[in-house]
Amino acid sequence: MTPGSMILGTGHYVPEKVLTNAYFEKIVDTTDQWIVERTGIHERRIKAPGQNTSDLCVPAAREAIEDAGLTPTDLDLIIVGTVTGDMKFPATSIFIQSKLGAHQAAAMDISAACSGFVYGLALADSLVRSGGYKHVLVIGTETLSLMTNWKDRNTCVLFGDGAGAAVVSPSDGERGILSTYIGSDGRLAELLCCPGGGTAAPPSRETLENGSFYLKMAGREVFLHAVKAMSDSALNALQQAGTTSSDIDLLIPHQANIRIMDATAKRLGIPREKVYINIDRYGNTSSASIPIALNEARRQGVLQPGMTCLMVVFGGGFTWAAAVVKF
Ligand code: ACO
């Protein structure tokens, strides 16, 4: 293995409050059966009032830093993938830096919707490879519950809140990030977006009343693009790593919809038993979904030392990304 970077530690946090499908049966015209059959979701976690996005990240980050055998002051950089940060600015990573006491670290956010964590991983990998950075904390986090229209059955049943983290450090020669791949297509931006709050639709009584601050999604179109973009991204990352899907021990797909995950795995020829799935418990946590799944898979022993893992994601933008990592 050439000198490069590796994932040295992982962590995650999900809020305590659980919303089951039965809750949505009471507030919109839906059923547990529809949600389970069409998405695979049984329940999701929702942040507590007063709990900020950065508050979800701190326990996830602490677990990852401790798992890496480091302390917060060892970090050179904090990268946070999120579209639901604490404030419009400064970046959410800034608040996390302060709460962790990671005073040696620079901090910045990436806006790539669900792909934010893997985009961050790709950036951390190249910065560590360059020799300029040693320990980079990458976080994927989202509190989409605040961007959800709780009266829209098409979207409100889908999302959950959470955070996941990984520390990227120089490779020890045994483990390593073998490849990363990122892509986007801005021509499709309006199929999945939150139009309000920026220069296009600034905060006003009108934009508040017409629902501009809620997430909008053309579900069927997103579904079709997601399967193709995720399988194409995975194939690109596999090719760059000089490997094939038959060498993959665990596929961690973005947990957006069980049918998207199954279709992607099928295209890649990866059997269900090698696919990590937790959408039933957390719903779609956007950029947090891959790092939450990654940490769970490691803690449960599903992803063991020596195994090779393929992560692949798709999200608003559209954006997509994949990474092949040996643990
Ligand atoms: N309960 C009951 N019926 C519903 C619900 C619900 N919660 N939501 C939608 N329906 C209805 C629709 O109104 C529609 O009814 P109609 O035929 O009378 O118009 C019917 O169910 C079928 O709607 P479809 O959109 O065709 O349903 P589909 O099978 O595509 O499932 C879903 C919808 C789950 C949203 C799916 O399209 C999906 O998962 N899309 C991708 C979402 C995704 O991957 N997002 C990724 C990124 S998220 C991010 O970046 C933040």
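Predicted model: local features only at pLDDT ≥ 70, side-chain atom pairs only at ≥ 80, totals over all residues.
L310 belongs to the largest nonpolar core, which has 41 residues. Those with the most contacts inside this core are F24, L251, I260, I270, L310 and F314. Four elements each supply at least two of its residues: α8 (219–240), α9 (258–268), β12 (308–315) and β13 (319–326). The largest share, nine residues, comes from α8. Domain 1 (5–173) and domain 2 (178–326) both contribute residues, so this core lies between them. A second, separate core has 33 residues. I110, F117, V313 and V325 are included in that second core. In soluble globular proteins, nonpolar side chains tend to be buried together.

Helix α4 spans residues 92–100. Which of its residues are buried? They are T92, S93, I96, Q97 and L100. Viewed down the axis of α4, these buried residues fall within an arc of 145°, so they line one face of the helix. Their cover includes one helix, α3 (53–67). It also includes the strands β4 (77–81), β5 (106–110) and β6 (136–143). G101 follows α4 and has a positive phi, near 75°.

How values were computed: Residues numbered from 1 in each chain as written. Heavy atoms only, no water. Core = buried A, V, L, I, M, F, W, Y, C linked by side-chain atoms within 4.5 Å. Buried < 20%, exposed > 50% of the residue type's maximum accessible area, 1.4 Å probe, protein only. Domains from an automatic or database assignment. Arc of directions from axis to C-beta. Contact = heavy atoms within 4.5 Å.
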